[in-house]
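Dear colleague,

Please find below the structure that I am handing over to you. My notes on what was found in it follow directly after it.

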Amino acid sequence: MLALAGYDFLLIDNEHGPASLTESVSLLQAISGTNVASVMRVPWNDPVYLKRALDIGVESVMIPAIETPEQAVQAVRACRYPPAGTRGSAYQVVRGASYGIGAPDYRETAADNLLIICQIESRLAVENIDAIAAVDGVDMLLIGPNDLAGTIGRLGQLDHPEVTALVERAERGIQQAGRKLGSIAFAGRTFQDMFDRGYDLIAASTDMTLMRDAALGEVAAHRARNG
């Protein structure tokens, strides 16, 4: 339903969401009949999980808590076949390579067709933003404001000046490096406000918030009229 609604992408959240990779295949099958791109947020910068996520056919991976250029290099290498990386070879049979039907082409084009998103979620990551953004293969850096605020003792205080300063430092570093910039709409900003600031990707809502807010609104309207 969400894919048919016309979003540019859908995020399959395997970091905070309960879905397994098996369940994620079903989500990818639902998305595949539309023009919507698939993004998977993996649980961690884990080369084994990244390998398996790519093998089931996700078009983009979002990797949490990248804090150093070394971690960014590890993430990129986990997503690339040798000699550019360390991704294990199973393109002869996996869903991502059309079960081997398109295997030779997949082997040659997989890296070019994959969007790698690294999440910036800590003070240390912001301090290293220039070096992280300089890593070849990192296509986008996505600022995670909630966890970023938490690392300076300001969890939930997304409009605090210290949090704002860190976010703005990250924005400048990412944009000056010529990398794509992503985040969520936060601190009272709309997704349009974020695009006007130069963001390239905004995760505007979740399935839970869309359903929750619609349900609360419907119930509130009923109670206000009928008690």
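Helix H4 (residues 103–113) gives five residues to the lining of the second largest pocket, the largest share. Helices here are DSSP runs of H or I with at least four residues, strands are runs of E with at least two, and both are numbered from the N terminus. The model is a predicted one, in which local features need pLDDT of at least 70 and side-chain atom pairs count only at pLDDT 80 or more, while totals for chains, interfaces and linings use all residues. Residues are numbered from 1 along each chain as its sequence is written, and side-chain values use heavy atoms, with hydrogens and water left out.

The second largest pocket holds about 280 Å³ of space. Its lining consists of 17 residues, and those nearest its centre are Val58, Gly96, Tyr106, Ala110 and Asn113. Sorted by class, this lining of the second largest pocket has seven nonpolar, six polar and four charged residues. In this scheme Ala, Val, Leu, Ile, Met, Phe, Trp, Tyr, Cys and Pro count as nonpolar, Asp, Glu, Lys and Arg as charged, and the others, Gly among them, as polar.

A pocket is defined on a 1 Å grid over the protein atoms alone, as an open set of points where a 1.4 Å probe fits, with protein on both sides within 12 Å along at least five of seven lines; lining residues have an atom within 4 Å of a point. Grid points are joined across faces, edges and corners, and a volume is the space filled by probe spheres set on the points.

The largest pocket has a volume of about 1500 Å³. It is lined by 46 residues, with Leu10, Leu11, Ser205, Thr206 and Asp207 nearest its centre. Among the elements that give two or more residues to this lining are strand S1 (9–13), helix H1 (21–32), strand S7 (201–203) and helix H10 (207–226). The largest share, five residues, comes from S1. By class, the lining of the largest pocket has 28 nonpolar, 10 polar and eight charged residues.

Tyr106 also belongs to a cluster of rings, which ring pairs form from Tyr81, Tyr91 and Tyr106. Rings of Phe, Tyr and Trp (its six-membered ring) pair if their centres lie within 6.5 Å; planes under 30 degrees apart count as stacked, over 60 as edge-to-face and the rest as tilted. By this rule there are three aromatic pairs. Tyr81 and Tyr91 form an edge-to-face pair, at 5.7 Å centre to centre and with 70° between the planes. Both residues lie in the loop between H3 and H4, so the pair ties together parts that are 10 residues apart in sequence. The rings of Tyr81 and Tyr106 have centres 6.5 Å apart and planes at 75°, so this pair is edge-to-face. It links Tyr81 in the loop with Tyr106 in helix H4, 25 residues apart. Tyr81 is buried at 12% relative accessible area, and Tyr106 counts as buried at 15%. Buried means under 20% relative accessible area, exposed over 50%, and partly exposed in between (1.4 Å probe, protein chains only).

The loop between H3 and H4 also contains Pro83 and Ser98. The peptide bond from Pro82 to Pro83 is cis, with omega near 5°. Ser98 has a positive phi of about 55° although it is not a glycine, and this residue is partly exposed at 41%. Ala187, in the loop between strand S6 (180–184) and H9, likewise has a positive phi, near 55°. For context, most residues other than glycine have a negative phi, and most peptide bonds are trans.

Ser24 lies in helix H1 and is buried, with a relative accessible area of 0%. A polar contact of 3.3 Å joins its side chain to that of Asn14. Such a contact is a pair of N or O atoms within 3.5 Å; within protein, one must be able to donate a hydrogen and the other to accept it, and residues adjacent in sequence count only if both atoms are side-chain atoms. His160, in the loop between helix H7 (145–150) and helix H8 (161–176), is buried at 18%. The side chain of His160 reaches the backbone nitrogen of Glu162 at 3.0 Å.

With kind regards
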